[in-house]
There are 2 protein chains.
Amino acid sequence: MSRSGMRTIFYDSPVSVRAHASIAGKKEGQGPLASSFDVVIEDDLLGQKSWEFAESEMLRRAVELAAQRAELPTEAIGALLAGDLNAQIISAGFAARALGIPFLGLYGACSTMAEALLVGAEMVSNGNLQNAVCAASSHFCTAERQFRFPLELGTQRPPSAQWTATAAGALLIEGGDRGDVRVTCGTLGRVIDLKVKDANHMGAAMAPAVCDTIVGHFEDTGRDFAYYDRIATGDLGRIGREILMELLQKRGVDVNENRLMDCGASIYGPEQDVHAGGSGCGCIASVLSGYLIKRMESGALAKVLAVGSGAMLSLLSSQQGESIPSVAYAVALERA
Amino acid sequence: MSRSGMRTIFYDSPVSVRAHASIAGKKEGQGPLASSFDVVIEDDLLGQKSWEFAESEMLRRAVELAAQRAELPTEAIGALLAGDLNAQIISAGFAARALGIPFLGLYGACSTMAEALLVGAEMVSNGNLQNAVCAASSHFCTAERQFRFPLELGTQRPPSAQWTATAAGALLIEGGDRGDVRVTCGTLGRVIDLKVKDANHMGAAMAPAVCDTIVGHFEDTGRDFAYYDRIATGDLGRIGREILMELLQKRGVDVNENRLMDCGASIYGPEQDVHAGGSGCGCIASVLSGYLIKRMESGALAKVLAVGSGAMLSLLSSQQGESIPSVAYAVALERA
């Protein structure tokens, strides 16, 4: 329903999460959320000829697993809304080629999973699609050479750097009330830039966009921290999470730290030497499609606000001396 | 309304084109469609420090011009759905930063304008947004170094090569019946790959996806070539257009050549030395938001099917020896 001047979309016809799948790499499979992933891959290349194609294959498998669990052939899926961090989203594009599902390619950097869910739920709620798969992926080895340096250089990472998760997640949503978990509303994000220029300090660059979207969501819905069992950001990392709490408090938000979880800060343990935590489209995608949705299905969590945030930089914009604009989307998932 | 198993979305509540803006570069401003562009820029850099930022500035100006013509401040615009060809769609991302409009980043290569219109019309039709701007841009100088070779090399282009248009287009759509032109339905595309590997032969790579989407649109709607005054593809170029006609005929479609227009084949004259024609997100975006919409408003055209097609390759996927997967979206515009 339309509420003038607001950024929040309410899905008036029920949209259910029918099935989910999460796949993670070896390092992610050794972290605190290991048991929540459906598949942990041992070989970073998955038998492919390049990391980009390994990432694409991981995304393809996540979508296929979600479809299998819903007992749907891929031909019965109305649309695949997906993206990744690679230039021209080749991992998603090549996965869509293999799957044959009508495809909407999105680019929201690490916010892509939330963006896909926001748009996909809209199309399903409207009745224009019976169902859709929302998915995203990332791979440590593709992202490093895409945004920073070739891995072969062995460049030292500063403490504020985040580790791009090798992971993929997929949620199969459908119209109707067959699932325990519903996608109830979503808040659009604005591109915000507080002039952080360090591609190894993404949490600081993205925190202002996350703050803006959470505040916008609260204003539009009248909700607050007490409404949600978890507000799950992805991915600010440990440093960005601290900055976010400070920014929210400055905006007058009563922050409940115990309910604020960052997927990037949660996916790796402190002993895993990833510095500030995880990042990448696949991080929140796999944590949302694994840990969080399973905790919701078990009843441990009833209301979750997933806030995906993306840093809209490129290697070229960094080389041209530009700062890092960021965007964040919030999607509410609630038990029926 | 949902029709099971179909790829076509029908916008049951009216979606009107409220305003439009098209901007083109110097070369495009010397072509056959010169008089249809609202602005022709003389300086490829638009006073910016890089071509990428010039492209971003061009996109920003197109969006702002469309908003001005609708007499709306940018704060009154519900969402900007946009993308471009650059890695991590930086031209769109940086334009969204400057505009402050809630942003949905899309990547469909040269199909982006059609993808944006398809998704934007859905959100507006549903009443979740009062209005939205759908926009896309491309720049010859950014695309060459993004997909092929640095311009400084002076690489010779083969006859099948297309020239990426320096152009941007924006359509401001809104719910209700205030405009003469309505967005009535849209057909989703599948990623199709017939194993063309030559990044200088995009028309051949994309023609199969365009054929698949047009055939799907006809099947879903019961329409044919006779229904539309123009089926405007973008961008197959002259060679790809020939291939498309052959593919359509093989699928049993009665092709009316006079009603089939390719934006890339139309934007440059034969004397402009662009070989197979134009391409780039900005080509169909500027021709649709300029020439075509103006011909519709004047009553010269009543029904137009805009079919944007994108080649989902990257420099990396080309270097890794991969073929070029493609996707196409069709959007119907009809006079009220």
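Reply: First, a term. A residue is buried when its relative accessible area is under 20%, exposed when over 50%, and partly exposed in between, with a 1.4 Å probe and protein chains only. This is a predicted model, where local features need pLDDT of at least 70 and side-chain atom pairs count only at pLDDT 80 or more, while totals for chains, interfaces and linings use all residues. Residues are numbered from 1 along each chain as its sequence is written, chains are lettered from A and ligands numbered from 1 in the order in which they are written, and side-chain values use heavy atoms, with hydrogens and water left out.

Start with cysteines of chain A. A:Cys134 has 0% relative accessibility, so it counts as buried. A:Cys141 is buried too, at 6%. A disulfide here is a pair of cysteine sulfur atoms within 2.5 Å. Over all chains, the count of disulfides is 0. A:Cys134 is in none; its nearest cysteine sulfur belongs to A:Cys281, 14 Å away.

Helices (H or I, at least four residues) and strands (E, at least two) are DSSP runs, numbered from the N terminus. A:Ala165 sits in the loop between β7 (163–164) and β8 (167–175) of chain A. Its relative accessible area is 0%, so A:Ala165 is buried. What surrounds A:Ala165? Contact means heavy atoms within 4.5 Å. Beyond its neighbours within four places in sequence, A:Ala165 touches A:Glu28, A:Ser138, A:His139, A:Phe140, A:Ile267, A:Tyr268, A:Ser279 and A:Cys283. A:Lys27 is 138 residues from A:Ala165 along the chain, yet their C-alpha atoms are separated by 8.4 Å.

Next, the backbone. A cis peptide bond links A:Gly234 to A:Asp235, with omega about 5 degrees. A:Asp235 is in the loop between β10 (230–234) and α6 (237–250) of chain A. In chain B, B:Gly234 and B:Asp235 are also joined by a cis peptide bond, and omega is about 5 degrees. B:Asp235 lies in the loop between β10 (230–234) and α6 of chain B.

Chain B also has positive phi values outside glycine. Phi of B:Glu71 is near 55 degrees. B:Glu71 is in the loop between α1 (51–69) and β4 (80–84) of chain B. Is B:Glu71 buried or exposed? With a relative accessible area of 73%, B:Glu71 is exposed. Phi of B:Gln88 is near 60 degrees. B:Gln88 is placed in the loop between β4 and α2 (90–99) of chain B. At 2% relative accessible area, B:Gln88 is buried.

Last, a helix pair. Axes are lines fitted to C-alpha atoms, for helices over the stretch in contact, and angles run from 0 to 180 degrees between N-to-C directions. In chain B, α5 (residues 202–221) and α6 (residues 237–250) pack at about 40 degrees, with axes 8 Å apart. Angles under 35 degrees count as roughly parallel, over 145 as roughly antiparallel, 65 to 115 as roughly perpendicular, and the rest as oblique. α5(B) and α6(B) are therefore oblique to each other. From α5(B), the contact includes B:Gly203, B:Ala204 and B:Cys211. From α6(B), B:Gly240 and B:Leu248 are among the residues taking part.
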